[in-house]
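Work through the exercises below with the sequence and the coordinates open. Each task is followed by a solution in steps.

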Amino acid sequence: MNIQSQKILILDFGSQTTQLIARRIREQKVYCEIHPYSISLARIRELQPAGLVLSGGPCSVYDDGAPLSDAGIFELGLPVLGICYGAQLMIEQLGGRVEKAVKREFGKADLSVRSTEGLFAGCETGGIHYQVWMSHGDRVEVAPEGFEATAVSGNSPYAALRHREKPFVAVQFHPEVAHTLIGADILRNFIFGICNCSPSWTMHSFIESAVASIRAKVGSSKVICALSGGVDSSVVAAIVHRAIGDQLTCIYVNNGLMRTGESKSILRFFREKSKLRVVDVDATEYFLSELQGVVDPEVKRKRIGLGFIKIFEDEAHKLGQVDYLAQGTLYPDVIESVSFRGAAPIKSHHNVGGLPEIMKLSLIEPLRELFKDEVRELGLELGMPEEAIYRQPFPGPGLGIRIMGEITRERLAILRQADVIVLEEMKKSGWYRKVWQSFAVLLPIQTVGVMGDGRTYENVVAIRAVDSRDAMTADWSKLPYELLGIISSRIINEVRGVNRVVYDISSKPPSTIEWE
Ligand code: XMP
């Protein structure tokens, strides 16, 4: 989908903050894309960017095997901003010298601006210090010909540089992180002042071009979409529906592992409010029998995933000839980021990833260019209610991975009641939107309690609430003791079969958000 002709390309050298650069640029309403540092010159020309950003990265430019871009990027006539490693690479490739710094700079540093042209337009020189975020062990010792220092810091005589005639600028620090207080100004100066972009990438313009491109691709064919009630699939359904109306059929599979009333409210919302054509299948019996006696988390996940594919496929066949599957793939899933670490698989995620090949369907992925927060913005622009947009993530395998041990109807009923209480109290106290996720987990053990004068020997429920930006890392939420107290006493008093509630105080890593 060609969303915008005016774009910035970010060449990724493996920095942890490459995606942040993209977000910060998009916040200025300028479209940008991340590509591996090894992108060819021909491909860059084809993409016709207004400018390039070279990201930071974990290597040193003089390391054996350090990632190098084609030095021809400096011959394309494009503005280039180098950040940290990207800055050092620019300096090396254009004839300067980078060396290991005697004193490494990590964390906050004070920057003094020497020239208020270009990147530092709007800043002041002469004794004013700006807080920036450094993270490097190398520094520029000799600037290439034609370059001059535009800012210095305690340990960097070249904390920022620019070419006197060409649109090449470089910063040793990270303008994309919040600790660099003038970071947004620096990026704005680059994209508007140096690349001459205009702030035209809005959700409104995104919808117009996405709708046009879905219509052009689909023609008069039929499209299906797996609805889960989650934000991504809901927004996909809404935008595809706007483009092609009833050529879209959504399929909702109730796997019997949903929260109390969830299936009903999802269906009511899509059918009555959004006027979508929705086929719903109650496959509770099928899933519960597939899960009978299963205790291993990975076996649970695989059975639920495969069961979903089977049911979805059966329903889709009943619709006759269908050519496309609309799917909520987001930008972080498609970026070919440069990773210098091997990642071991931790959990098999349940999603619709396997469907297109099995069913020989072509994909429509209207959210491929968007980050999660942009998807939310898009949903609001499409008229979806805040309640649906700011819903906490709920995993595909549902309550199945929040019941430790075997999943039975009785245990599902216990967890559902506890879960309702957690949600009610989180919402009532205003904490629901402050945390990333909050939920109850049913443990496979019983403990002794006393109720009235009698001994009880019943289940334990754990409460999990986490703060996170992207679910890659998470910290346990510091919920007020009063709130935890209310949740605990309500669960113990109202849910038959529970006599103990505990709070999970583990962060990710080393724990994960879900317990299975
Ligand atoms: P973990 O437990 O891996 O979870 O820390 C990270 C985030 O992913 C969600 N999650 C899933 N989402 N299908 C999904 O769609 C799954 O199989 C799945 N498993 C975990 C989890 O709720 C958290 O937000």
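Domain bounds, as used here, come from an automatic or database domain assignment. The model is predicted.

**Exercise 1. Overall layout**

Task: Into which domains is the protein chain divided, and what is its secondary structure?

Solution. 
- Step 1. The assignment gives domain 1 (7-194), domain 2 (203-389) and domain 3 (403-503).
- Step 2. Taken over C-alpha atoms, the centres of domain 1 and domain 3 are 47 Å apart.
- Step 3. The protein chain has 15 helices and 18 strands. Along the principal axes, its C-alpha atoms fill a box of roughly 80 × 60 × 40 Å.
- Step 4. Of the 516 residues in the protein chain, 54% are buried. The accessible surface comes to about 23,300 Å², and carbon and sulfur atoms hold 50% of it.
- Step 5. Take the contacts between residues at least 6 apart in sequence: 74% of them join residues at least 24 apart.

**Exercise 2. The ligand site**

Task: Between which domains does the ligand lie, and why?

Solution. 
- Step 1. The shell around the ligand has 15 residues, of which Lys347, His350, Gln437, Lys508 and Glu514 come nearest.
- Step 2. Sorted by class, this shell holds six nonpolar, five polar and four charged residues.
- Step 3. Domain 2 (203-389) and domain 3 (403-503) both contribute residues to the shell, so the ligand lies between them.

Solution. 
- Step 1. Arg301 places a polar side-chain atom 2.9 Å from a ligand oxygen.
- Step 2. For Lys508, a polar side-chain atom is likewise involved, at 2.7 Å from an oxygen atom of the ligand.
- Step 3. Ile513 uses a backbone N or O atom, 2.8 Å from an oxygen atom of the ligand.
- Step 4. On its own the ligand has 500 Å² of accessible area, and the protein covers 85% of that.

**Exercise 3. The surroundings of Leu484**

Task: Is Leu484 buried or exposed, and which residues does it touch?

Solution. 
- Step 1. Leu484 belongs to helix H15 (residues 481-494).
- Step 2. Its relative accessible area is 16%. Buried means under 20%, so Leu484 is buried.
- Step 3. Leaving out residues up to four places away in sequence, Leu484 touches Leu479 and Tyr503.
- Step 4. Val501 is 17 residues from Leu484 along the chain, and their C-alpha atoms are separated by 9.4 Å.

**Exercise 4. Backbone geometry**

Task: What is the geometry of the peptide bonds from Lys508 to Pro509 and from Pro509 to Pro510?

Solution. 
- Step 1. Pro509 is in the segment after strand S18 (498-503), and Pro510 also lies in the segment after S18.
- Step 2. The bond from Lys508 to Pro509 is cis, with omega near -15°.
- Step 3. The bond from Pro509 to Pro510 is cis too, with omega near 5°.

Task: Where are Gln48 and Lys275, and what is the phi of Gln48 and of Lys275?

Solution. 
- Step 1. Gln48 sits in the loop between helix H2 (41-47) and strand S3 (51-54). Although not a glycine, Gln48 has a positive phi of about 45°.
- Step 2. Lys275 sits in the loop between helix H7 (262-273) and strand S12 (277-282). Its phi is positive, near 60°, in a residue other than glycine.
- Step 3. Exposed means over 50% relative accessible area. Gln48, at 58%, is exposed, and Lys275, at 56%, counts as exposed.

Notes. Residues numbered from 1 in each chain as written. Predicted model: local features only at pLDDT ≥ 70, side-chain atom pairs only at ≥ 80, totals over all residues. Heavy atoms only, no water. Near = heavy atom within 4 Å. Polar contact = N/O pair within 3.5 Å; in protein donor to acceptor, adjacent residues only side chain to side chain. Areas by Shrake-Rupley, 256 points an atom, 1.4 Å probe, with all protein chains shown as cover. Nonpolar A, V, L, I, M, F, W, Y, C, P; charged D, E, K, R; others polar. Helix = DSSP H or I, 4+ residues; strand = E, 2+ residues; numbered from the N terminus. Buried < 20%, exposed > 50% of the residue type's maximum accessible area, 1.4 Å probe, protein only. Contact = heavy atoms within 4.5 Å.
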